[in-house]
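Student: I've got a new model open and I'd like to learn how to read it. Can you walk me through a few features?

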Amino acid sequence: YRRVMEGAVLAAVGQGNVESLSFANAQGFDHQALIGVLKSLLADGYVKMDAVDHEGWKLTDEGEACVTKGSPEAQVFALVKDDGSDKDEIEKLAGALAKVGLSQCMQSKWLRVDKAQGGKIFKETASIEDVVQKQLSDVKKGVFPSKADLDKLKKRKLITAANYKTYNVTKGPDYAPVRTKAAADITAEMIADGSWKTQKFKPYNFDALGQDACAGRLHPLLKVRAQFREIFLEMGFEEMPTNRFVETSFWNFDALFQPQAHPARDMQDTFFIKDPSTTLRIPQEYMEKVKSTHEKGDCPTGGPQDPLATPIGSLGYRNTWNIAEAEKNLLRTHTTAISAQMLYKLAQMDKFEPKKFFSIDRVFRNETLDATHLAEFHQIEGLVVDRNLALGDLMGMIQAFFEKLGLKDIRFKPTYNPYTEPSMEIFHWHEGLNKYVEVGNSGMFRPEMLRPMGFPEDVTCIAWGLSLERPTMILYKIDNIRDLFGHKVDLHMIKTNPICRLVK
């Protein structure tokens, strides 16, 4: 069909100017389909087109139905029998068209009502011409009746005003009576037979985008993680090795002075490993010190850095410490388990050396899933161990750290942690949720955690931790954490998410 239109319009343009609407009506073509063909020819330079704006009309849905089935009056007229019909019968057959159809038939004097026969309807003429259907068919083709007839059709809501365009078509710079397909590339056959000399080629579009490479994309979490890591390194921190998801309860809980009866150690909050369920690798001497600290609050500290073995001065938890609980394997609930091991190694050195450590890795908790919590997430942790550090040092370090993230509206709230005292929760305003959300936790490690490792009395450690997901949600304005991480993530978002650039 397009080729037929293409050939006809090229032949007509070769003889002179062509007006698109009149040409379409004369040839029996759909005008919109013809315009599509003309634009294709225009793109290849075969024709030139000049648009002409017109005020016009188009059919409503009711008008389209009239073109197909006839006007309501014509349909009603056809239902009336030669010997007359009852009004109830016509209304039943014609349905919603009965009222307007009968009214128009009476106005046109096609039908009459005989009151002497109980209101029976009879034909006044043997046949009719459906003028309305013809007028609507012409309107559809772009041929409009008189203004009076248009007003009647508009009043009946069969047509509605609609501007339209026609085109004056003339020869283009590359006009030819027959369209030849332009080649995209030169081939070996063209070179061999010399047809490339006369072959028409498509022009190169140097502005066209190349084919999308099916390459991997960085997840927003990885982009924000890279920024966090860069900030830690800029601040002189050393990254801890955290490539081990399975930990022992000893390093995850006991070494941090977290009581064995603490609710966080229940199966409702922790994922325990079924096989192997226990570990055999716990430093025996250190374990005895941890056991003594839990039960009595004191232990024979001593060590290379604490030769005087000053007492801790704590009461402990005054309960029986069970080694079977400490030997249980689990999916780590925080990366502080790694921090404890790094601090223990540092305390075994002959001479104390101040350190700044950080880690960014995945942790697991048996959480109830909601818009801000997942069962697995990424924890960012930073700690500084030095002599005589205080709470002011911790708050200053956290403020400096978050300012480098571009998050300046930071607030602190006192809280309780088993292994830090004092402890503080860190909050930041989330524009999407329209409230302050917790972005981290912080505190100073208790002497009951540090002294059994072998640190001197004046060595203190400040630490803070936060999830990677919460700051990422703030930076990317994501309201639901399940839209960021997990099986419900939109892969299109992964491909199109913007670069993470923190305002430092």
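This is a predicted model: local features need pLDDT of at least 70, side-chain atom pairs count only at pLDDT 80 or more; totals for chains, interfaces and linings use all residues.

Student: In what order do the seven strands of the open sheet run?

Tutor: Strands of a sheet pair through backbone hydrogen bonds, either parallel or antiparallel. Here the order is S8-S11-S12-S16-S15-S14-S13, with mixed pairing. Strands are DSSP runs of E, at least two residues, and helices are H or I runs of at least four, both numbered from the N terminus; two strands pair if DSSP finds at least two bridges between them.

Student: Which strands are at the edges?

Tutor: S8 (238-239) and S13 (410-417), each pairing on one side only. S13 pairs with S14 (residues 420-430) in the antiparallel sense over seven bridges, and Arg411 sits opposite Phe427 in S14.

Student: Is Glu6 buried or exposed?

Tutor: Buried means under 20% relative accessible area, exposed over 50%, and partly exposed in between (1.4 Å probe, protein chains only). Glu6, in helix H1 (residues 2-15), counts as buried because its relative accessibility is 18%. Beyond neighbours within four places in sequence, Glu6 contacts Val37, Leu41 and Arg179 (contact means heavy atoms within 4.5 Å).

Student: And why does Ile191 count as exposed?

Tutor: Because its relative accessibility is 53%. Ile191 belongs to helix H10 (residues 188-193).

Technical notes: Residues are numbered from 1 along each chain as its sequence is written. Side-chain values use heavy atoms; hydrogens and water are left out.
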